[in-house]
Every structure is written in structure tokens, then in C-alpha cells.
Amino acid sequence: MRAVVATRFGGPEVLEEREVERPAAGPGELLVRVVAASANPIDAKFRAAGESMGLEAPVVLGADVSGVVEEVGAGVEEFSPGDEVYYTPEIFGPKANGAYAEYHVVEADIAAPKPPSLSHEEAAAVSLAGGTAYEALVRRLAVGVGETVLIHGGAGGVGSFAVQIARAAGARAIATAGPENQKTLEELGADVALDYTRDDVTGAVLEDTGGAGADAVFDTVGGETVARSIEATAPFGRMATILGAQGDLTTMYTKNQALYGVLLTRERERLEEMAILIERGQMRPLVDEVLDLGEVARAHERLDSGHGRGKIVLRVSREA
């Protein structure tokens, strides 16, 4: 089968298209014909330094799949050949990654039916980024009706879902992005769009909340973003980060604030819950660009830049 392989670890130039052996579904597994995948920041991190994270080259990367079931392994009763599914593979362990290929094997219990209203290219943009945002806002931060949520990096792959999820939960969404993505924030439904390069984010949040501060904060940027958000967060407020927290967090203690680290686990239930929001029209993927699988190095160049809008999707095979 056709696949893109990281022949060694380094820059985007290490990604090479090759013919590799097609896998087969074992007990409890599905063999999926991959119609679309997507490029995620974790892919770029593995490509650059996979050996430090337990990978061995050559390796097929990729952490999002939307496709069609080709074979079902022994014991699988909930899926049949021809079913359309979407999921994010594990990222650690012997069954990790592998989406940059025409076929992929996955444990059936972490796959879910593809939302009918989405194309495969759209669905491939949902599982990892959307799941991370859903895990943070719904399960960890437990955002509720009438609350105010500050979302750092609201136009990115994860942040764009977070803005929509906050709104679906009945919360007020304050989101940050660069000057080129202010309109995107508004289109996503942000109540307040802030330019982090020019605006006083803390001051704007305090002004918007009458000095109370945000009830919840979601950091998709990293660095000292959490530390800088303490003042903008209400006493007993909650914060979540997907990239870790740096800087002085001492004053979180004096304000009785909670901080959650979010590393996505794989499960079907979350995908099914997100599909409800998608079918209601409350959550849609923000697809910025669709490239052929053979252009994955170009996608990784953009990932390495650290800037972007929404998701880059990779077209792997035809839907028919």
C-alpha cells in the first residue's frame, strides 16, 4: 500500500512516499481504508524527535483517520465492511500512529461511525483536535451556562473547536488569535475576539467580566500562558492546558484556582458525543487546506512555523 514514511527523525525532508506492506485486522480490530487523514502538531514533534518519545524509524506517522471499514477482525460485531468510521489512533505503543497510509488497523472500541453530515475530509479534522477541546471544556473544566471562558489560540486546530464547544455549552467565549485571524474568531462565534499581539488580554477579560475574571481558561499555546492568565481568572476558577505550564504559578494557590493537564485518551464515547454536536450544527471543523498525501512535507513545514488557521487535511484515497 501507499504510505508516507519518516525514514529518520529530522525536518520535513525525512518524509518519503513508499510502498509498504498492507496490514490485516486481528481479533477486536478493524482494517480501515483511509480516505483522509490530517496533519497535527504532534506529528511534527514525532517527526523531529521521535526517538526521544519511544519511536523507531522508519515509521508511518499520523493521528487522525476518516475512512471505510475494509475488514473486521474476530469478535467485532458493531461494525461491518463498508461502514464509514472516524477516530484518532493511539500515539504511544506498538499500535500508535499510522494514518499517513492507504490502510490502517485500529482497535474497534476506539472507532465511531463518521458523522453523516461531514465529508471524510472534514471528519479527519475532528477526532484529535476536537476531542482534545471537548475533553478540556466539557469533562475537565465542566463549562456551564452563563460562564465566561477565555480560550488562548482560538483560531487553531484545537482552539477553533473550543470556541464552538464553549458556545454550545451556553458560555461566553473570549478568544485570542493573531491579527490575521480576528475575523475567523468572529465567524466561529467568539463573543470577544482579542489580538494577542496588541491587546491587553488580562485587562480586556477583567473589563468584560466586570472585574470578576473568567470562570475557566483553556490554553492551547503553551509557555507562560497559564501563569499570565491567573490574574484574568476568577477566584475558584479553573484552567486547562494541553502543553504544560511554565512560570510562577504561586498565586493560583491564593485564588483557590485549579489547573488541569489534558492529554487525550482514545475512546468511542467521546467521538459519539461530539457527533451529536456536529449533527446539530453546533460544531464544525475549520479546514484551512486540503493536500494530497504526497504533499505531507508541505503540511509539516506549516506545522513547524507554529502559525496557522484550523486544520490541514490530507487526501489519501478516493471516497468511492
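This is a predicted model: local features need pLDDT of at least 70, side-chain atom pairs count only at pLDDT 80 or more; totals for chains, interfaces and linings use all residues.
Is Phe 46 buried or exposed? With a relative accessibility of 0%, Phe 46 counts as buried.

When the whole structure is searched, one aromatic pair is found. The pair consists of Phe 46 and Phe 92; their ring centres are 5.9 Å apart and their planes stand at 85°, so the arrangement is edge-to-face. Where do the two residues lie? Phe 46 belongs to helix 1, residues 41–49, while Phe 92 is in the loop between strand 5 (84–87) and strand 6 (103–107), so the pair ties together parts that are 46 residues apart in sequence. Phe 92 has a relative accessible area of 47% and is therefore classed as partly exposed.

A second aromatic ring deserves mention. Over the ring of Tyr 103 sits the charged end of Arg 22, at 4.2 Å from the ring centre.

I turn now to helix 10, which covers residues 296–305. Which of its residues are buried? They are Val 296, Ala 299, His 300 and Leu 303. Viewed down the axis of helix 10, these buried residues fall within an arc of 100°, and therefore they line one face of the helix. What does that buried set pack against? Its partners are helix 1 together with strand 1 (2–6), strand 2 (15–19), strand 3 (29–39), strand 14 (287–292) and strand 15 (311–315).

Finally, just after helix 10 comes Gly 306, which adopts a positive phi of about 75°. Thank you for your attention.

How values were computed. Residues are numbered from 1 along each chain as its sequence is written. Side-chain values use heavy atoms; hydrogens and water are left out. Rings of Phe, Tyr and Trp (its six-membered ring) pair if their centres lie within 6.5 Å; planes under 30 degrees apart count as stacked, over 60 as edge-to-face and the rest as tilted. Helices (H or I, at least four residues) and strands (E, at least two) are DSSP runs, numbered from the N terminus. Buried means under 20% relative accessible area, exposed over 50%, partly exposed in between (1.4 Å probe, protein chains only). A charge sits over a ring if NZ of Lys or CZ of Arg is within 6 Å of the ring centre and within 35 degrees of the ring normal. The arc is that of the directions from the helix axis to the C-beta atoms. Contact means heavy atoms within 4.5 Å.
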